[in-house]
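Hi everyone, thanks for coming.

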Amino acid sequence: MATNKKYWKGFDELTESPEFVEKKNNEFPAELSVEEFVGSKEVSGFTTDRRDFLKFLGFSVAAASLAACEKPVIKAIPYVNKPEEITPGIANWYASTFYDGNDYGSILVKTREGRPILVKGNSSFGINRGAATPRMIGSVLSLYNEARLKGAHRHSDGGCLPVSWSDVDAEIGSKLESIAERGGKIRLVTSSVIWPSTNSAISAFVNKYGGSVEAVASDPVAGEVPQETETTTAESNVSADVKHVTLDEVSYSGIRKANQECFGSDFIPDYNFSNAKVIVGIGCDFLNGWLMSTEYVGQYGKTRKPESGWMSKHWQFESIMSQTGSNADQRVRIKPSEEGVVAAGILHAIGGGGQAAPENLAAYCQKVGEELTAAGGASLVVSGSNDTNIQMVVNAINNHLGSYGKTIDHSINIGMGKTNDDEIKKLEDELTSGSVDAVIFYDTNPVYFMENGEQWRTAIEACELSVSFAQYDDETASACGYICPDNHYLESWNDFNPKTGHYSLAQPVIRPLYDTRQAQESLLVWAGEAARSSSKDSTVVYDYIAENWAGNLFAKQTEYTTVAEFWNWAVHNGSLDVKEEVPAAQSFAGNIQQAVSKATDIEPQEMELVIYQKAGIGTGKDSANPWLQEMPDPLSKVSWDNYVTMAPADVLRMFPGGLSEEAKANNADEISDYGAWNSLYIGQESPAKVVSVTVGEKSLKLPVFPMPGQASGTIGIAMGYGRGAHGGTEPVIGKAAYYTGKYGGYETDDSGNLVAIGQNAFALRGWQNGNSCLAGIGVSVEATTETYPLACSQTHHTVMGRESVVRETSLATYLTADSETYNPPFKLSVIKDGKHQEVPVGEADLWDAHPVENVGHRWGMSVDLSSCIGCGSCLVSCVAENNVPVVGKDEIRRSRDMHWLRIDRYFSSVGDDDRNAWEKDPTTNTFDYHKMEISEASPSVVYMPMMCQHCNHAP
Ligand code: SF4
């Protein structure tokens, strides 16, 4: 065990502020003032209580009761004619797939009496092998969001009004025909389509209005299914300029363009972290949201098991403390503008050309270079940058090391991240110039996530025909003439091809709750390929997918001999692997020295912004989900808000009130002033300071959160917040996306409009070297005199003075030393002989007063802390499985969170010689803990899931 570390969860604990010391021995720092709460006059005005909070937030299973059964169940005996597959009281599980344009994974869905109640990762089939993000697990709740549109809608002067599907089909069909006849422009804008059958439906649509599909590009994933279609060639009597454009929140255009330069083909290869002995991430959160992160977490976990005799060495160069960076062995803080010089410096250090790193980074790059060279091809360098030049330099590093073919596989291509930023610019120009006649949006929301969203809104509103398949009257949908709401994915059939040779299926686990229709069916109906179904039991999409699989995939496998057997097992397993190959990539080429020169020539800004994905909210697609809003961020432990993360020293520089006069006089950066550190504390009675963040003409005001480990001169703001702000007094995307008031109700602004939670950071995104960028944006940050309450749970649960809850050791010690060296037995403090005494665990019996004989099976649970990345998925799973109440920001702020399971996040700093000397002889040394901790600007992070300890027979 490393004995020279101290673990701390918040600044008050670190500095042992008087408030902290007073509360240290209470498990809950704030008294649960039940009398005050229950006796309050305001109680009579409550619109909710804590256990009813979900209902208050607009989630209901009333519709599900109807959809789950043919008739509403009102009798004690639930079924007269029981469906064969349902046994009351016994849950059914179905294999399916989750994909929201950002996260992908094979899942299992648990249903009870026909209602889906839980989603978890499928550990038997699929490429994520059981891994699931909090967003995937929480997605079951969005099925029951009452803000979902209940049928097709049309926007007119009278507002957003329901319209029948037959009218919608007739009106949209006739407008498309008329536009096509005069050769107008039709644009179909989607997130990255990895749905093979959807690609076919899109092709059918393009063919119908654009003529032939001769100009269709081949799919780089499957090699045969079109993914982007464009044609102006007429074969029929209609001939529009029809184009399918991919537009995701997060662009990977830089990787694709770099591969075009280096390998002659626009693709994203398959990364395999499980083979990597040395992993280097440069501004890349590959364990949270980056490409196939649900697959990477499992691969990464395999390299972190000391029992195998080896562990990967993970270096992370980054600005904000990311989920991935918090798990790194060695973290180096850089500004986004330095990512290019780091990549070039590493290339130089391994002898592949590049450019020597500047003085502040040279030693790190040299050391990384040595370790990469020693590992050779068993290494992997990845970058989260969307700059083509930086990605080319990273390609050169991997190529020089021989990683292609070992940790990077060209022959397997990733289907996600298809956005081409050049195409986006063209589309934007077409729309804003008014040359687009019809635009259709599927699973993409540019009015929300483009930096000039309002321009997009105006342009969309000006189109002759605009259609959205959104499930809500969201930012883009509200600008469209028609909303044709898609089914929830748990009500839908779908198929997926996330990477070469791997296919998966989504199946409905409940009938559609409302009068919605799958987007694929809408496209097929408008393309004249299917007749509109008048019932909820439409088989249009099912038939289309089953036919495609029988026609295209059955022949590619050898396991099953009949189509029926093949299809049944595919649905049962939820996924399928077949033999497929993509055309061989060219050998490595490209003008790397030119890329190095451009990558190292990025001008640093005084303050640089990183727009990042939080583990809970991600890109914001499901930001009206109260489970995800209430989940504390794994690093900041803040719920229900986004905020500006900033290096503690930078916060003190901006708000020097906490610095002593001496520190101010000497050096404003001096943060070994413990009083100043105390001023950073955020708690129930200590609101956060507010800063104003400005990029060009745009400004946001947000609370500032001092984040240990953040690079000085940078700020981070999470994307995915500020959703639904256009809704006025209506909670258009769901009530949980808006601030609730104290004791229920909603906060409203001066005009009476609902206030969206957080601010939309996408509004500040920028462009660099022709690509969209979310990091390195020059920004100015100014202090304000305002404060803002944050619901921060990081100091809710003290460790009651027990310093040794977390234990760590080095791989060498683990492999060579006796287990007592790194894991000495715990001692318990007990009252014995009338006084406190520490005794070995074996001598204390927690069960004395709780006889356990004859209690039957006793369940235990262990978590491999070497593999735990602190993602928070288990927390959301626990909420879903155990129906744990959501209590809202105000209750969380007052330490009244109800989570049964929490993820403790400890920062730790390595001791120094002073400490060792002090421990040997405290009288001759001036060392103290504070000095040691504060001097470490980049602490390590350890996660430890804390279970409820309620299993079976809690003492
Ligand atoms: S144990 Fe750790 S890695 Fe596993 S779900 Fe929980 S937080 Fe995530």
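Helices (H or I, at least four residues) and strands (E, at least two) are DSSP runs, numbered from the N terminus. And please keep in mind that this is a predicted model: local features need pLDDT of at least 70, side-chain atom pairs count only at pLDDT 80 or more, and totals for chains, interfaces and linings use all residues. Residues are numbered from 1 along each chain as its sequence is written, and side-chain values use heavy atoms, with hydrogens and water left out.

Okay, strand 20. Strand 19 (residues 494–499) runs antiparallel to strand 20, and four bridges join them. Lys499 has His502 as its bridge partner in strand 20. These two strands make a hairpin with two residues between them, and there Gly501 takes a positive phi near 85°. Strand 20 also pairs with strand 21 (residues 575–577), again antiparallel, over three bridges. Here Ser504 has Ser575 as its bridge partner.

So is strand 20 buried or exposed? By buried I mean under 20% relative accessible area, while exposed is over 50% and partly exposed is in between, using a 1.4 Å probe and protein chains only. Well, five of the five residues of strand 20 (residues 502–506) are buried, so the strand is largely enclosed by the rest of the structure. That holds for both faces: His502, Ser504 and Ala506 are buried on one side, Tyr503 and Leu505 on the other.

Next, the cores. A nonpolar core is a set of buried Ala, Val, Leu, Ile, Met, Phe, Trp, Tyr and Cys residues joined through side-chain atoms within 4.5 Å. The largest one has 150 residues, and Phe205, Tyr271 and Trp526 touch the most other members. Helix 13 (residues 388–401) gives this core its largest share, seven residues. There's also a second, separate core of 60 residues, including Leu118 and Trp627.

Let's zoom in on Trp526. Contact means heavy atoms within 4.5 Å. Leaving aside neighbours within four places in sequence, Trp526 is in contact with residues including Phe205, Ile440 and Arg517.

Last stop, the ligand. Which residues are around the ligand? Counting a residue as near if one of its heavy atoms lies within 4 Å, they include Val863, Cys868, Cys871, Cys874 and Pro945. This shell divides into seven nonpolar, three polar and no charged residues.

Terms used. Ala, Val, Leu, Ile, Met, Phe, Trp, Tyr, Cys and Pro count as nonpolar, Asp, Glu, Lys and Arg as charged, and the others, Gly among them, as polar. Two strands pair if DSSP finds at least two bridges between them.
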